[in-house]
Structure formats: structure tokens, C-alpha cells
Amino acid sequence: PHELHMILLFGSLNLLCTGCLLMWCSSTNSMALTAYTYLTIFDLFSLITCLISSWVTMKKPSQLYSFGFERLEVLAVFASTVLVQLGALFILKERCVYPPTAHIGRLLVGTFVALFFNLLTLLSVRNKPFAYVSEAASSSWLQEHVADLSRSLCGIIPGLSSVLLPRMNPFVLINMAGALSLCITYMLIEINNYNAVDTASAVAIALMTFGTMYPMSVYSGKVLLQTTPSHIIGQLDKLLREVSTLDGVLEVRNEHFWTVGFGSLAGSAHVRIRRDANEQLVLAHVTNRLLPLVSTLTVQIFKDDWTRPLLTGTLTASSSPSGAALTSAEGYPAVSSSSVPPLMMSLGRELDPLTSTPYKPSSPPPEFSFDTPGRNVQPVVLPNPGHNTHRPYGGLGLTYGASPYTGMLNQGLARPSSSLGLGIYLKICGTFSRRCSISRMTTP
Amino acid sequence: MDEKYSSNVLSGGKLGMVEVPDSRLTRYIVLLVISKVLKALGIFESYDILKAVHIVQFIFILKLGSAVILLFFQKPFSSGKVISKRQWIKLIKHAVFSCIISLLGFFGLTLCGPLRTLLLFEHSDVVVIALLGVLFTSSGGGPSKTRGAAFFIIAVICLLLFDNDDLMAKMAEHPEGHHDSALTHFLYTAIAFLGVADHKGGVVLLVASLCLKVGFHTASRKLSVEIGGAKRLYALDNLVSSLVLLPWVVVLSVTTESKVDSWSSLILPFGMIIFSVMILEFYVEAICNTKMETLRCARYGTIALFLSALLLANFWTHPLTDQLRSMSKPPQQVSTEHVLSGGVLVSAIFFIMSSSILSSPSKKGQKGTLVGYSPEGTPLYNFMGDALQHTSQSLPRFIKDSLKQILEEYDSRQIFYFLCLNLAFTFVELFYGVWTNSLGLISDGFHMLFDCSALVLGLFAALMTRWKATRIFSYGYGRVEILSGFINGLFLMVIAFFVFVESVTRLLDPPNIDTDMLTPVSVGGLLVNLVGICAFSHAHSHGSKSCSSNDHGHSHHGHSHSEHSHGGHGHSHGGMLRATPRNKASVFLHVLADTLGSVGVIISTILIQQFGWLIADPICSLFIATLIFLSVIPLLKDACEVLLLRTPPEHEKDLNSALEKIEKIEGVLSYRDPHFWRHSASVIAGTIHLQIMSDVVEQRIIQQVTAILKDAGVNNLSVQVEKEAYFQHMSGLSTGFHEVLAMTQQMESMKYLKDGTCIM
């Protein structure tokens, strides 16, 4: 309620201010001020977006809108950025058609009133969706230049770096830049009576608006287009590779991953598995891998030729549990430490010449390239296998999942270190798992 | 501090060029500055001399004089290799080009005055090459270079627009007979043909010849290696070009009478110019380029030159001119001679800034993307980005391919033809407007052009739909159409809003509208849009009638917007049009609005023409704006629903019954998380999770469910089939960690190790 009151208060203030500004625009006949006024109108849109986002958090998914209303936020951001850009386009068009002569009038007053209200709104209302988009979208050309300038400025005065670097808030930036260009316009018209400056500054403000809004509308538009966010792709690829090295998995296809609102990922994938693999087990493992990243997940498992009955006989009976049955018997954590499945797969291949579906030839190499333990460690068959089987799991379970889920953006950074830890750890207990799997194989 | 925040990789460890500290180079810098100051002086003086001496004669004397001195110093014939015949031919070509460039440069000097010439023409090669690199290649070298290029352009524009040089007026007055020779006369007529004032023509000429000069210098590098050094080439070049100019000078001096009374009084100035402009500067630059880096040399040289030019422009009193004038003509007021103006001052500042930015060494190392960490912990970077960017196909090829794609399919072909027709009409209108100087026509042309942007957007979206799916666009690009429909809807809303606001202001104060031009233009527009209707009548039942676009009182442009953008919009919903009855209704609404709007415009025109009811026009505009607004709302609502992933309303019933059927399949216990949404015109996607009994074969269930949902219209489906075992596995996998963690903590406290229990 408090936030709601704030938003409503600022909205009414904004309306008042916009009305004043529009009046001054028509009295000064200045296009630059009109272009600047559109920024105030944009602030109104952003307040509306804020309102929508607070409404969205209360709303539950309905039957028709099964993904919930988080997307409404994205749509509001997209619509408001596009509307402002269209306004800027109108300014440019008007420039081409009728260049008017501007008067000074209340130009300076208008500028400062607009700047004050804009900054007040920006700084006092916590606008979640726009804050997110302005963080996540690529930086605009205005930001690039300011960052470049301020980098050299911070070389002289290091204290400024906390304010100016790495990049400034785009909305604050465009408000400042617009006000600056309006001040220059005012000065030049006042001193030299250069009326053409008004046009130039209107075009400049329109271009800056374009530059600021374009990356944001591209970002939110991509969310609306159900695309895979490009910063996620590396992580996703890694997970999918891990999935495809799971025992029994032949390939992953039709993978669709996209963001529902700002942040939460949804997706679906089809996983083709060997005929003799255990569907539910593979499904559980695939889901377990992907679920930390993709919160709304659907995995379809399919087999080729499932109508044809499996080969029966003692040979298949002994070979078919190569991976699946074995792992299920051993317990989960052993499988989830990622170096073990390929190992078992290779064992299964040696032992199982009659498997009807061939192994996927293009299956990528095991995920962890640093010191994969299974390769370097000599297999040792212990005389008393039954004793060893239980040893490692407690420890294995500890390390697995030790990588904390720290949010989507910085997970890519967090990941390598944790996997490194896993690798080191595997060096220690790889021997055990290897040993026990072999011991299982050798004892029929 | 700089390195800390920059993302470049290579400069981090000071791997780049090591700069020599300034203190060791002071001698050379001082020498450079002195030579540049002298050069500025020389240029100022040559401007004065050029008033009396013909330009060709002037250049001939310069070249000859410097050739004599250089022959004395350089001895190009007695030293070095023997020059072959082919090289002589190349030398002659080189000399001809250098003559042309100096002619252009000095002609620009006569037009613009010395200060502006120095500002425009005397840029170092590296600066200009960096500028061109920023403008015409994608990898300019970071935002600072872009800023430098922008400053350069702003400076040139300042000279063109804001520099009200008083002399221009005087120059414009001069009669055609004033021109001395055929050459200058030709150049003058060329500039007059361009339709700009003389001094602006001079600015353009100087910029063009600057580019020529840089290109010429780059091209002559090979020749200088062949000849044996830049200095030898320079000496020979001066000699040959004076020989080339000789016949012209002879003819000139025979045919025209000289304005100079005594050549002897000019010997000293000429000597000074030859020394400072041609010889000293050349040698000093050569030395400085070897002792310092070229970039630094360019930076100091340019700054010194521009500053001294500014000072000279302020204090130079044209001593020589007065002397010459006192000999020949009665004195005029000197104050009008290319004085310093605010524009020139600003542009000089911008030029200095841009040349110092552009000539600063680019610190940007190659940008890499962080790939990961090596086993030792050092970061690994990937530099593939640039290499990948350059593999994109060329622009003409892209245009050709996309044209082919457009023409392949019926819908996009129709839009394309309509767009072409619209554009052709627009350009005819624009040209006719410029020809007859009718503001109304021009503005209407711009409006039409603006409208076409919506059409282009629709066309581009239609084109993109056919692109293949990528990693990022995993479903394909079909949804782009819906997004472009949404943008077009917003576009229409904005247009309606503006028309509404304008018509309200007109309602309060109805302006005079002259309807003279209305008739022919409206007939033309009507014809164009009739063709559009014919073209669209099959594919989409709403083409456009744009009688309204022709009201050049520009009150009804809203209407013209409406229907052009509807063209694009209609297409972008083209696929859905077949699928959804609601879209058909909204499209029908559109057509209705269009028709009513155009009827309204015709009525208002008639009313104004017959009865002079000026208020009819804004009322019609209001009416049209409201109609557009009302008709856009359902379209926007539809697009919003698709974008918000609503269950497609036209499939709602089918889906519900399909879900009921699924529940009744043998072995299915229940379902959860059913998501169905329209991805694009042709794709309806869906995901569902099923719980089944443990003795049922999963694949059979998947097959049945897929078949049932396919009947309901879902064509991109993922079914997750779960048995009880799945939940057991999942609970084992996901909760195992926490349980085991808690357990081991317990165990540690108890100092007691129990082997792998309670995982399940």
C-alpha cells in the first residue's frame, strides 16, 4: 500500500508536470523541449509499469494464462520503450517537414522543472522491471561514450569511480544529457539567435532517446519472442552435454529454452534413450540436472522401436543392467558425480555387444577435461568387493550439489570453480567408485 | 585506474608500444612547432599573393623554386639508381596528380581564406585514415575514435552552416568576367551548379581534395620505394610538375595580361613561401617521423598549425595586400576579409580535439570474451569474435537473396509490389513538390514515406519468418510477425493520438486550408490505393484507400497512416487471419474504419470547397482518430494475448475436451502443469506432465497423448510421463544432499561413522 501510494502520488505529479511542459512547449514552439517532454511521458509509462509489476506479484497463474502474468511486466517495458521511440521518430519526422522558429520563453524553466521531476521520480520510486532491464540489456551508445570518458576521468580522480563506473544508469544519463543540450540551445538562441540550434538539439535528443531505449526494447522483445537468452547458452550447453553423457541417453533434441518473465527460465526437451534403459531413472536424472537452471521443465523421453520386444535370454539379462540397473542399485550420488557415467557406459559397451540401438557416434567426450580421474587411475580389483561398495557415497553426496545456485547472471562465474572442486574431489574418490563398479561387473 | 576498468586484455600488461618520454624529444617538437608556424605564415602570405598572381603561375613558381633548391640539396640525378623509362612515365603521372591536388588546394584557399583552408586541408594522413576507418568500417577502435570522428564532422558542419563569413556576400556579387582563366571559371561554374555559396563550395572542395591528397600519398608510397626514397621522389616530382605546368603558364602569360606590376617586389615573399611551405615543412616532417612516432608527430604538428593559424587570423593585417592594392586599385575595406567568426572558432576547437583524439594511439587491445579458467587459475579469453563477424555475407548479396525470397511467396510479393507503388508515388510527389516549390506536397510526401516504414516493418517481419531456427530462436522466427504486429498496433495508436491532439487544437482555432492542390493529388493517391485494394483483396480483405493522405493541409494524415500501416499489420497477422475468426472481425473493423474515414475526408473536402465550413476538417479528423483507435484495440489485445502466452482462445474447447480424453486413457492417473500457447501463426506449442501407473509402457501413452493433442491443434508438444518410480528417484536425488549433509554433521558430532545409510 505504501508503494502504491507513492506511485499514485508521483503519477499525479507527473501528469501535472507533463501538462505544464506541453503548454510551455506550444508557447515556446520549441521542438527540443517537446522531445524532452516525451521523456517525462516515458516516466509516466514507467510508473504504470511499476504498478503492473506490483499487481503481477499478487496474481496467481490462471487456467488460461498458465505461465502466470509475469510476462505482462515484460510486455509493459517493451511497449513503453517502443512508444517513446515512436515519439522520437515523430519528432524526427516533424523536423523534416516543418522547421519552426523557437522562442526562448520558458525554455529554461521547463527544462529544469522536467529534469527535477524526472530525477525525483527515478530516484524515489523503486522501479523493479526497469531496473532489471537497464542492468541486463547491453549498454547504449550514450553509455559507452560516457563510460569511456569517465574511465579517463577516473584515472585523474579515482574517487569518482564509484559513481561513474562501470556504467551509469541510462535514464539518469539521458535526462542529464537532454537537459544539457537544452541549456546549450537556450544559450545559443539567447546570445546569437541561432534558431537552427533548436532543430539540432531536438534531433540530438531524439537520437539519444533512440540509443537509450533501443537496447532495452531489444532485450524485452527477445524475451517476448521466446528466445534463449544468450548469456545462458554457455551454461545450458554445458548442462545438455552433461545430460547427453548420462548413461542410456543417446541424444537430446528439440530443446527449447526461454524466459517466462524477467529471470525465470522455462523449457522443454526431447531425450532419446537406449531401448534397454530405464525411462524413469533417466528422466529423474535429466530433470535433476536441468531443474536448478530451468524452473519450468518438461522432458519427453522417447525410444526408437519401442514396440519391438527386447531380446530375451540370459545374455541380455546379464548385460542390460549395465548402466541403469547398476546405478539404481548403487544409489544416486554415485551417478551424479559426472565422471562416472561415461565410465560405466564404456564398460557397458564392452560387455554388451547385442544392444539393438547403436551408441551415438557423435556423443561428446566426458565433460571434465581437467584430470578426469577414471582415465588416470589404474583399476584395481580388490579381493573383497562387498566391503568397499558403501564407502564413498557419503562423501560423494557431500560434494555433489556443492555449487550454490547464485542466480542466473553470475552462475556462469560460480560454476567453474565448483566444478574444479568437484574434479579435485573426484581425484580422491574416483578410485573407489571405479573400483566398486568394476567389482560389481565382475561379480555376476 | 585506467586498466582496472577497461575490458581490454593486451594492454593490461603494458604489452603495447612503449612511448618515449617527451623530454627526450623536445628538440624535435620545437622544430616541428616552428616549421608549422612558418607554414601558417606562408599560407597566409600566399593567400595575399594569389589575389594578384594567377593560380597556375603561382603553383608553377612554387614548384620550380622548390625544384631548384631540392636539386641542389638532393642531387637526384647524380646519386642513386638510374631511373628507367617506365618509372619516368609513372613519375609524370604522379606529377600530374600532385599538380591537380595543389591546384585544388590553392583554389580552395582563394575561396575560403587561409584560416579555413588550414583547418580543413592540413590534416595529417593518419588522422584522415583513422577517420575513414571509423566511418566506413565496423571496427573503428572503440568509442573514443567514434567521438573523434563525430567531432570532425561537427567541425565541418560548423564551417558549413554556422560560419557567416562576410566575404561570401562580396564573392557572390562578383561578375562572371572576374575569373581569370578557363580553369577557375570552370571550377566556379561547377560550384555554382552545386547550388551552394562560394565559400561553402570551397569547404566541400577542400574536404574532397583532402581525401584525394591522403589517397595520393598512400598510393605514391610504392613509387617512392621504387625511385629510392621519399626525398628523391619529392625533388623529382617538383621538377617534373613544373615542367608539366610550363606550357600552360606560357600560354597564359602570352594570352592574358598580368596584374602584377613589378615581379621584383614579389621575390622575397615567394622565397619565403617556397622555403616555409614547400621545403622546411617537408624536411622537418621527415625528420620528426623518423625520430618520433607518426601519431605523436601528427598530434603536435596539427595543434601547432591550428593555433598559429587562429592567432594569425586575428592579427594578420594583410601587409602585402595593402601594398598590392596601393599599386593597382583603390583600397577597399579590409575588415571583410574572411574574419574570425564564432563558427570558425568553434570548428577550430572541434578540429583540434578531433585530431588529437584520432591521432592518439588506440590503447584498445583486442577484446576477448572470458571463456573460463585454466587449471592454473589464469583466465582464458576467446578472440574469435572479429573473425566470425567478417564471414557475414555482403550487402548486395543479402539484398538479392531477400528480394528473391520476397518474390517467391504470394503474400510478401503483394506487399512488396504495393510498397514499390507507394514509394514511387511518394517520390513523384516529392519531386513535383520540390519542382513547384509546394510545401504541402513535400510534407505530404514525407508523411507517405513515414507511413511506408510500417509497411517495410511488416515486409521485413514476413521475410524473417522464413529464416531457419537457430540456437537462440529455437522455435524459429515465426513470432517476429506477432511482435511486428504489436509494434504496428502501437504505431497506429500513436498516430491516432497525434491526429486527435492536432484536431482538437484545430477545432479551437480552425485554420485556412487551401484545397487547390487537393484534387490532382487525391486522384493520384486514390489510384495507387485502388491498385492496393486489388492486390490485397485476395490475400487480405483490407487494402487501403488513401484519399485522405492527400489533404495537404495535413490534417488527415492520420488516415493515410492508418491504412499503410494496416497494410503491414494486416500481413503480419496474415497467418492468424486464416486461423482465428476474431482476427477476421477486427480486420473487417479496420476496413470499415478506413472506408468511413475516407468518406469523411471526401465529405469534408466538399464541405470546405462548397460552403467554406472550415470546421468540418477537424471534426472529420477527430472522427477518424477515434475510429483508428477503436479498431486498433482488438488487434492489440489479440497480439498481447499471444505475447502473454495465453491458451489460444480458438482452441480452448478442443483443448479442454482433449484433456478430458487424456484423463480417460487407460493407465493415466492424472496430469499436471498443462501449458498450451500459440507461439506463432503456424505453431501452437504445449507441454504437459502425466502421471501413469507403474505397469504401463510410457511410449504408448506418449503416442496416444500426442495424437489426441495434435487433433486439438497442438503441433509442438512435449509430454513428460512420470511413474511412481520417478518421484522416488527424484526424492532420492534432490533431497539426498540435504539429508546426507545433516546426517554427516550429526555423525561428526558423535565421532561415529556409519556407512552410507538412509539415502532412500
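Start by selecting B:Cys297: this residue is buried, at 3% relative accessible area. Buried means under 20% relative accessible area, exposed means over 50%, and partly exposed lies in between (1.4 Å probe, protein chains only).

Before moving on, note that this is a predicted model, where local features need pLDDT of at least 70, side-chain atom pairs count only at pLDDT 80 or more, and totals for chains, interfaces and linings use all residues. Residues are numbered from 1 along each chain as its sequence is written, chains are lettered from A and ligands numbered from 1 in the order in which they are written, and side-chain values use heavy atoms, without hydrogens and water.

How many disulfides does the whole structure hold? Zero, over all chains. B:Cys297 is in none, and the nearest cysteine sulfur, that of B:Cys288, is 4.8 Å away. A disulfide needs two cysteine sulfur atoms within 2.5 Å. Now click B:Cys420, which is partly exposed at 34%.

Next, select residues 249–259 of chain A. This is strand β1, with eight of its eleven residues buried. Strands are DSSP runs of E, at least two residues, numbered from the N terminus. Strands pair if DSSP finds at least two bridges between them. Find A:His256 opposite A:Ser268. Five residues separate the strands of this hairpin, and A:Gly263 in the turn has a positive phi of about 120°.

Finish in chain B with an open, mixed sheet of three strands, ordered β3-β4-β5. β3 (668–678) and β5 (716–722) stand at the edges because each has a single partner strand. Zoom in on B:Val668, opposite B:Ile692 in β4(B).

Key:
Helices (H or I, at least four residues) and strands (E, at least two) are DSSP runs, numbered from the N terminus.
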